[in-house]
Structure formats: structure tokens, C-alpha cells
Amino acid sequence: MDVNQYMGMFLEESREHLQALNRCLLDLENDPRNLPLLDEIFRSAHTIKGMSATMGFTAVAELTHEMENILDLLRKGQLPASNSILDILFKCVDTLEQLIEAIAGGNELNVDIKPLIKTLTLLATGQDASPAQSEPAAVTVAGTVEGSDLVLDDTEIKVIKAANNQGIRAFEVKVELRSGCLLKSARVYMVMNALDQLGDVIKTVPPAEELEKENFGLEFSAIILTDSDPDKISHAILSISEVDAAVATQINLPESPLSTADTPATAIALPTEVIVPEAGPNTAGAPMGEPTVATADKKPKGGQSVRVDIDKLDSLLNLVGELVINKTRLEQIGLSHKLTDLVETIEQMDRVTTDLQTVVMKVRMVPVGQVFNRFPRMVRDLSRDLHKEINLIIQGEETELDRTVIDEIGDPLVHLLRNAIDHGIESPQTRKSNGKNPVGEIRLIARHEGNNVIIMVEDDGGGIDADVIKKIAVEKGLITQAESDKMENAEAVRLVFVPGFSTAKVVSDVSGRGVGMDAVRTKIESLGGMVDVETKINEGSRFKIRLPLTLAIIQALLVNVDKEIYAIPLGSIDSTINISSGDIKTIQNQEVILLRGQIIPIVRLAKTLNICQACNDDQEELFVTIVHMGEQKAGVIVDNLIGQQEIVIKSLGKLLAGIKVIAGATILGNGQVALILDVGSLMQVKG
Amino acid sequence: MAENTLMNNELQIVVFKLGREDYGISILQVQEIKRLTDITRVPHAPDYITGVINLRGSVLPVIDLKKRLDLPAGDYMDSTRIVIVKVEDIIVGMIVDAVLEVTTLNTDSIEPPQTVVSGVNAQYLDGVGKLDDRLLILLNLETIIGVATEAVKA
């Protein structure tokens, strides 16, 4: 079987299940007696085991198998869900993660799982004297056919028992192929197919992978659960060519100590509900290679869905973009030639394309929960390392964002959370002496706000001391002492985002804040968003990230400078005003205007973009577009305002990647290319 | 029949004019040839990048090949064309004075570039091909475009 075509699916689903494992284990830590949770953990582990066995990743399968043993003991209440055991399980999940990532990277064998497996085996056997409970010492079933080396583990025994309870018998089917048989694996496949039609195959000897690789002589056997009689089974198999013999013998389970160990409830309810439907696909399904089957019953909720390659969605979005451009073009033709019929038709088309665009955008949306999911684990580990008690509260994880944004937002959030844990939340002792709850609280909140998504990281820790920040900023020469004296506290705290503020480690030790905050800001701004901070001493801080819903199609204001057309993203425009040239004052060689009591620096586009040096110097009336980036504002002087338009952002390509002031390009209705201004870097240039 | 079958040691070359010289690039690197269209100037770009054009919905940078090769500038003419080339994964347009023909060149008739051929820096050259009594200057697009990338970064 060519497993490569399932590789992507395997990796993706494994990651999903690992995430589920992490989440459930965390919940279990808070609620150790929650049986449904354990069942879910078991199912996830089992699915990973089944998939990896099918794909031939034995290390993963082996580890999950050992994990299952422990989980089973937990489920039966024979092992308490203590912290030490959970730690081991967490370690297992981490190791599995490493294994899966190693597989994704193309080398499976780099991770050593032996020590962990040993711990698990010891745990399983050490806690429970009955050898029947642990895999390494499996029960040899009495009453098997002579000469058979049939060994059943406890899961299989339970399955058989559960089946027996429903009146279904288990048979061991021994098949002998004709000597000189050429395509043994093909024959095996046919035999398995035949058996599958009669019942559920739960085990083969040798295992399915070995059978597939033809690592056996001429004989192999399979255990099948069926209500057919043995003659029918052997007849069905003998009808396959090149099969010499097929003997079906019923398996009669001995009254093992296992049955006494099991409470009747688990013996009947669990195996039939949980194990039977999955055990089939995972062992017998192997030759057919259907890794998805096992997960089919894993997600009880949620509608039908289709997995689509993100590249396909990207090209779909591109095509819709093209459509929008052409629509705008038609609109212009209709208007300039005064063709009423055409204009009407285009209006209809406009509605359709708008809908289409919304739908495509929605398709690309993913809930932020995808990113948030990994944080509980991170917060838990980090707070343990730092001996702090922290409660992470996540809200609004169903809020959706464009896939491209989701992919990028993880790192900045990790940064903010780490900062909150490391520096924000005080130690339990300090908290107590300050009259606070010793358990700190971090809130991670996402919500919609107009065309934006807001993500907030709040902590109820010590807050940021503006005076300390000012002091450091002065020491580092970022601001002067005079500036520092005038500066308001809210503004001072924002200095943490200034590049150069946070490069040295010392800063984080003194102020307790600001490790790489400018990196956070740069990332967020590159996504077209912004980040701000509010803080109160001894009450905590709040970092607020504002992100656009999507990056691909935006509203923009088109402006004229000389003969060139530029687009300014509407999101960063405050207002447009008319001023007379006399309104412009000069402060320290910087042209400014006064707008509602605020001093706003002026950017002359014609100069900044090297169009002409003295274009509108003698012009009496000037158009100024007031733009903002974060709290900063600037007035951009343009020749003319053309109007607001929806534009599709196109990249300028590698060759022009480093260009400042230009964020990208777009194609106008007439096919001409217009450049999109990068408001952020425009502010840095100024006059 | 025999004429259509290319031997291993033969190259198909797109021949174009810059000033009075004939230049050539491998046909495998050429995607298409366009008439001159509206070119949008990109501020702060290196001066040999004339601007960007719209090629069926994607935005492509356009290089003024004469400026890039430090050849004397000239006005655009009726025969001026934009040759769209793909080098590795970068697609760019190059402005040339005229596109002449597609011809087959035997690798044996290609000589390594001397330090300076007709004023063009040797690093931009792959060699000089002899075609009957004509000389074809073969350009190395990797350096012409690759160096361009570095220039922007610096």
C-alpha cells in the first residue's frame, strides 16, 4: 500500500488528536474522576495508535499502546489519576508530538521512546499484580487449537467476551497458502476481504503490517467475530485460489481472573461501545489503508465538513479577486458610456460577487480556538516552573479570523502570555501579602468589533510601573529627561513597544516587562493590526490586539499625486480635510498642522515619493488625509481625492520586497496598477 | 523532420536588440513577449526597475535592461517590447528595443565571455554565440535578476 497519499491526513489528524489529548489531560487534572474525559483520552490515543500502525510508524504505535494500558487502568479506577501519573502522560503526549513532527520532517527514528515505555510498563505492572492487566504479560488462551501460538491481550479478550455476550462467537481461522504462491499479500488481502464480509477481524497473526510485507511463511491466522458457522468461514476462504487449507476453530475463553477484576458495567458497556467499532478498522482495516475510518466516530458533534488544501482556497480567493477587478472595470465602462442596461446588469453582478466574496472569505475563516488550544498547556507548564498558581480563562475561542492571520498570530500571543506569567502575575506570597487571591488570573479574550477582531491578554498581576519604564527609557537614550517629565503614564507604558527598549535582559529583570515587545508590535502591524497596553499598578495589565478580519481584500481611498494614483487603506484613515497653505507651521524643521488642539506632522506625498520636489508648494488649498498608526497621527498631503474603492492586495514580488513606504499593489478598474501606501513607514519618513 | 529535432548540443535562443547589438537568452526562460503597456513607477526602487505592470491580474516588476547593463539609454519605439522571463521563481519583464527572432545555436559556437563585451560587465554574460557572420551576446539572467534582488535589500 502506498501510504504517502495518506501522509498529510495522518499528520493533520494526529496533531488534532494530540491537541485533544493535551486539552483532556488538563481537564482531567482538575477533575480526576471524570470518566467521560478518560474515555475521550482513550479514544484519541487509540485512534493515533490505529493510524500510526496502519502507516507503519511503529514507535508511535508502541508508545500509544503503552499509554492505553495506563489509561485503561485509570479508567477502571485501578490507578488513581494522580499528578505524577498525569505528568507521565503529559510527557507521553510531548514525546508523541516529537515523533509526529519527526515523521513530518521525514525522519522517524530520532526520538528515543524506550525510557518512557519502560516507565509506562513499570507503572502498569507495578500498580497491578494481575498479569492479565498489562500487555507485556499477556494471557495465553487455553483451549486454542494445538500448535497455535495464539496470544490475546486483555483488550482482545474483552472484545471477544463482549461479543460472546451478544451471541457472537470468535473463531481462529488458520489459513495455509499453496507453496509457490506468488503474490502472497494479494491472497492475504482477498482472505481478509472475505472474512470482513462475514464479520469483524480483530487480530491477525502475524500482524497486518507483516502480512502485507509478506513476512511470513505459508500460514497465517486471523481472529474473527462472526455469527456465521465455521464451515461457512472455511468454505468462503477455500474458494479463493492458491489457498490450500482454511480451518476455523472457535475460541473458548477460560474463566480468567480478568472477569473478576472487571466490574460488570465496564465489561459490557465499554468494550461494546468504545472498542469494538474501532478495533475493526484499526487491525483488519490495515490492508485496505483507511486511516480515516477510525476517526469517523470520534467526532459525535459538528456538521459535515470537507478538508481542503489551503492553496486551493488561496487560488479561489485570487480568482474572486480577479472577478472583483473586472467587475469594477465593467462598472466604469457602463458609467462612462451611459449604458443603463449594462449598469443594471452590473449592479446585479455586484451583489453576486459581493456574496461570493463573503462566502470565500468565510471559508478561509478559522476559529482562534485553533491557536488558543495550545495555551492552557503552556500556561500550566510555565506556572509550575515558576512556582506560581495561575488560572487561565479563555473566552471567545469561536471568534473567526482569516487563516493567514491565524498562522501568524500564535507567536505574538505566546510572547504576551509568557510575559504575563513571568512578569505580570506575582508570586503567591506577594499576592497574599498584597491582599490578593494567591491564584493569579490570566484572561485570553477574543471578540468581534466591527470589521476587526480584538484579542486581549489580561492579567491581574502587578501592572507596569510607568516611572520605571521612563527611567529605563531615559537611561537607554530613547527619550530625554525633559520628555520623560512631560510624559503621561499611559504614554510612558507604551514605550515597551519601542524598538531598542527591550533588547537587553536586564530590562526585563528590573521592570519586569518588555522582552521583545517591539517584535510583537512589528508582527501585529505587519498583519495590518495594532497593539496597545493599559495598566494599573497592583491591579494588572491588559494588552489589546486589534486585527483586520482579512488581509486580501480591503477598502481603500484612492488619491492622486501629480499623474500617479495611490491607495491608502481606509482602516488607517481618520479623516480628510481641506486646509490652506497658511495653516502649515514649522516646528523644528518639521511641517505640522494644528487639528482640534492636536499637533499633527505633515507628509508631502509628492516629495516623499520623489514625484516632484515643489509640486504643490504654491497651491493655496491643500487636501490632507489624516492617517493614524496606533496612537501616532500624520497628515498626508495629496493633490486630489479620487474616491473609496474595494481593492485586492497584490504583492510586489521578491524583486521589490524591500521597498519602503509601499505595502503592495492593486489593479484598478482600467487595468492600471496602483501602489498601496504603507502608512506605518510613511510616518517614519515624515516631511 | 530532422530540422525540428533538436540535438543535445543545440540551444533555442530568443534574439532581441538593445541599441545596435543583438542579444540572446534561452527560450526556456521566456514566458511571453508583450507590447509596451502602462508601467507604474515604484518610488524608492532601484533606478533600473522602471516600475510594475499588470499581466493578466498579477503585478510584475519591469526592468529596463539597457539601464541594468549600463548601456546608453534610448527612447521607447514602436518596436519596443517587454520580454517576460522566469528565473527560478521570479517572474519579471525586461524592456528591449526589439525582438528579432528565435534561432538555434550550437553550443560549440559559444565562446566564454571576455571581461568586457561592448561595455557590458562580464558577470551578466553567459558567452558570445557565433551565428553565421553575426555575434549574439548571451545574457545570464540569474545574475541580472539575482543581483537586482540584493541591490534592493542593500
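The model is predicted. In the contact between the two chains, 24 residues come from chain A and 22 residues from chain B. Within chain A, strand S24 (residues 673–677) is largely enclosed by the rest of the structure, and helices H13 and H14 come within 10 Å of each other, axis to axis.

- On the side of chain B that touches chain A, at least two residues each come from strand S4 (49–55), strand S5 (58–64), strand S7 (90–96) and helix H2 (141–153).
- The residues on this side of chain B comprise 13 nonpolar, 6 polar and 3 charged.

**Strand S24 of chain A and its partners**
- Strand S24 of chain A is largely enclosed because 5 of its 5 residues are buried.
- A:Val673, A:Leu675 and A:Leu677 point one way from the strand, while A:Ala674 and A:Ile676 point the other way; all are buried.
- Strand S15 (residues 564–569) of chain A pairs with S24(A) in the parallel sense, over 2 bridges; here A:Ala567 stands opposite A:Ile676.
- Strand S23 (residues 662–667) of chain A pairs with S24(A) in the antiparallel sense, over 5 bridges, and A:Ile662 stands opposite A:Leu677.
- S23(A) and S24(A) form a hairpin with 5 residues between them, and A:Gly671 in the turn has a positive phi of about 90°.

**Helices H13 and H14 of chain A**
- The axes of H13 (residues 310–336) and H14 (residues 340–363) of chain A cross at roughly 160°, which makes H13(A) roughly antiparallel to H14(A).
- H13(A) passes H14(A) in a left-handed crossing.
- The residues of H13(A) that meet H14(A) include A:Leu313, A:Leu316, A:Val320 and A:Lys327, and those of H14(A) that meet H13(A) include A:Leu342, A:Ile346, A:Met349 and A:Asp350.
- The residues of this helix contact divide into 15 nonpolar, 3 polar and 3 charged.

**An open sheet in chain A**
- Chain A has an open sheet of 6 strands in the order S16-S20-S21-S19-S18-S17, with mixed pairing.
- Strands S16 (573–580) and S17 (585–587) of chain A stand at the edges with a single partner strand each, so one side of each is left without a neighbour in the sheet.
- Neighbouring strands of this sheet are turned by 40° against each other on average, direction ignored.
- Strands S18 (residues 590–595) and S19 (residues 598–604) of chain A run antiparallel and are joined by 4 bridges; A:Gln598 in S19(A) is the bridge partner of A:Leu595.

Definitions and conventions
Residues numbered from 1 in each chain as written. Chains lettered and ligands numbered in written order. Predicted model: local features only at pLDDT ≥ 70, side-chain atom pairs only at ≥ 80, totals over all residues. Contact = placed C-beta atoms within 7 Å. Nonpolar A, V, L, I, M, F, W, Y, C, P; charged D, E, K, R; others polar. Buried ≥ 20, exposed ≤ 12 C-beta atoms within 10 Å, placed from the backbone. Pairing = 2+ DSSP bridges. Axes fitted to C-alpha atoms, helices over the stretch in contact; angles between N-to-C directions. Parallel < 35°, antiparallel > 145°, perpendicular 65-115°, else oblique. Left-handed = near helix turned anticlockwise from the far one by under 90°.
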